[in-house]
Structures are given as structure tokens and as C-alpha cells.
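Colleague: I have a model open and some questions about it. Can we go through it piece by piece?

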Amino acid sequence: MELFQLSRANSVSEAIAAGAASTTAQQGAEVRLLAGGTTLLDLMKLNVERPARVIDISRLPLDTVEDTHDGGVKIGATVRNAALAVHPLIRERYAVLSQALLAGASAQLRNMATTGGNLLQRTRCVYFRDTAMPCNKRDPGSGCAALNGFNRTLAVLGVSDACIASNPSDMNVALTALDATIHVEGSTGRRSIAIDDFYLLPGETPQRETVLEPGDLITHVTLPPAPPGARSLYVKLRDRASYEFALASAAVVVKVVDGRIAHARVALGGVGTKPWHSPEAEAVLMGGTPDMATFQRAADAALAGAKPRSQNAFKVELARRGLVHALTQVTQTV
């Protein structure tokens, strides 16, 4: 870990100004915002992240979960994952989000990790985290060692010749299935970004993972009202039962009316370079009967664009089965 300056932001405007300073004449110095630190500090220890300044935003008033006027919910950026998972509004209305949070990391990490930090969680690709190895995400233009190296845990959807790193978050898969909106304040003002538009595919610029600009600060996330009568579920498939990242996961929100699927939202984790929304699967499900044949067609549609590498082809079938299982469970008669 290299030396850095640590200071605390006393307001949102202070945090924005400090972040925007990374684009000014500070001899190329970069600024990072610190909330829980469960990703940032790890990467600083590995010298993957080497900021000159770290701004502590953990005490900003962004730590509440509230009703919205339309019946949805507003989640502050510094709400801890542990608190969010057990909050009554989340458990009662958005079970898939509570389940995804409780499936992630360990209890100790959930006590520290925040909503905003989880949205920006970096990949666990071993080449990204090893500065001795080439990685286009960490060092643009250096190459991608994972393409022909250890890629068992990496993505099969949304990949490019420059990067196949997978997004590691559980929370973000559930937020995608819930059609979340991410609210940002920056030097150019406030804006709201649909989660489908927040993450970028690697393409030729894998170092840029989101649409955020220097100085942007995530202030909160909003979820629309849950469709009346809809049920939701998160299924995570991994090598061991705890403290492990998903090889494949599925977040589904489904409503059945008179024996037909009237609402469907599907997102996959562990297999995409970003939390993977599947409108293709949803198109198959909508209006269909909730049975095995429909679910299998939906899963086939969701994975149709998969491009596996030498060690991760198993993920395609694993994700198919995980999605079919999630849809089967969530549509079972109570």
C-alpha cells in the first residue's frame, strides 16, 4: 500500500468537490471515496488502487431506508448491507433483495459494506488483482491474461476480446431484477440512472465500468413499488455454502394471474460482465404458463448469447438450471 492523504467530507458538496479534484492539476493524483472500505482497502493493499487522497464519506446523512410517495422505497448510499437485509420494508416488499444480501460475503463484511460501495464493487478476477499480470481493466492496453488462463469463475455474457471479468455482486443482481434507479450528484448536478444503463460492457474500454464521472457521488437508490401479488426469489450457486462468490445466480420477480405469467423480471449473476438483465427470458415468460417447458425456454433465451472460454463452459448449463429452479420455486402455489 502506498502513502495517501485521508480526510473526512462533512457534506455531500464537499465529497463531490474532492472527487472532482481528481480531474484538476494535482499532478495526476486520484481521489477515492471511502464508506465501508470492504473493496477499496483490499485493492489498495494489493496496489491495484493507488489513490493520493481518500475521502471518508461514512458519516454523511445517507444512511436511511424510507418509503417513497409512490409506494416504493429509497435506500441511502451508506446503508450497511446487514441493516438493509433485515429492514422491514425490504423483507416485506422486496424479498429477493434481502435474500441476495444475506447470500453475500460474511456477517462481518455485511456489517461494513454499503449500498453505494456494493454498486461499485470490482471484479474478483485473479489477474485484475495481481499487478504482476497483464489486465486491460487495471492497465489498459496490457492485454487480458484470463482469455487463455484461469477463467473458471469469469463471465460468459457481455464479454469482449479485451475483458471477460465477471461482476461479483449479489445485491446488484437483485436490484436489476427490481428495476432500481441509481441517484447521483456531481459537479454537473443531479441525475437519475436506470440500473440497466448504469453499468457498461467492457468492449474495448474495460477500465470504465459505469457511467459515473469524476466527482460523481451515489446518494441513494430507489425501487419502484412491487407489483401487487408478485413473488421474488434469489438463487445462488457456488463452490461452498458461505463466503463465496456466485458461479451463477438468478434473481426473479414473477406474478401469475389466472394460470398465466402477467409480470416477469429476470437477472443473472456470476455469468455476466455486469449484473445481467435478460429481456429475452422475460419475453418468453410473459403470457406463458408457469411450467417446466416455459421455464426451460426462458433459460435457453437468457443464455443464448453466451461465449464461454476454456474453463467456464459449465457456467452456461449451471445458469440455465439455476434460473429454471428459481422460476419453479417462485411460482409454486403457497
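Colleague: How do strand 5 and strand 8 pair, and over how many bridges?
Modeller: In this predicted model, strand 5 (residues 73-76) and strand 8 (residues 217-223) are antiparallel, joined by four bridges. Strands here are DSSP E runs of at least two residues, helices are H or I runs of at least four, and both are numbered from the N terminus. Two strands count as paired if DSSP finds at least two bridges between them.

Colleague: Which residue is the bridge partner of glycine 76 in strand 8?
Modeller: Histidine 220.

Colleague: What is the strand order of the sheet they sit in?
Modeller: The order is 4-5-8-6-7, an open sheet of five strands with antiparallel pairing. Strand 4 (65-67) and strand 7 (189-194) are the edge strands, each pairing on one side only. On average, neighbouring strands are turned by 25° against each other, direction ignored.

Colleague: And the three-stranded sheet, parallel or antiparallel?
Modeller: Parallel, open, with the order 1-3-2. Its edges are strand 1 (5-8) and strand 2 (31-34). Strand 2 is joined to strand 3 (residues 53-56) by four bridges, and arginine 32 has valine 54 as its bridge partner in strand 3.

Colleague: Which helix packs on that sheet?
Modeller: Helix 1 (residues 12-20), which touches strand 1, strand 2 and strand 3. A contact means heavy atoms within 4.5 Å. The direction of helix 1 makes about 150° with that of strand 2. Axes are lines fitted to C-alpha atoms, for helices over the stretch in contact, with angles from 0 to 180 degrees between N-to-C directions.

Colleague: Changing topic: what volume does the second largest pocket have?
Modeller: About 270 Å³, counted as the space filled by probe spheres set on the grid points, which are joined across faces, edges and corners. A pocket is an open set of points on a 1 Å grid over the protein atoms alone, where a 1.4 Å probe fits, with protein on both sides within 12 Å along at least five of seven lines; lining residues have an atom within 4 Å of a point.

Colleague: What lines that pocket?
Modeller: There are 18 lining residues, with Leu178, Ala226, Pro227, Ala230 and Val253 nearest the centre. Strand 11 gives the largest share, three residues.

Colleague: Where does pLDDT stay under 50?
Modeller: Over residues 24-28; pLDDT is the predictor's confidence in each residue, from 0 to 100. Where it is low, the predicted coordinates should not be read in detail. The protein's mean is 95, and 97% of its residues reach 70 or more.

Key:
Residues are numbered from 1 along each chain as its sequence is written. This is a predicted model: local features need pLDDT of at least 70, side-chain atom pairs count only at pLDDT 80 or more; totals for chains, interfaces and linings use all residues. Side-chain values use heavy atoms; hydrogens and water are left out.
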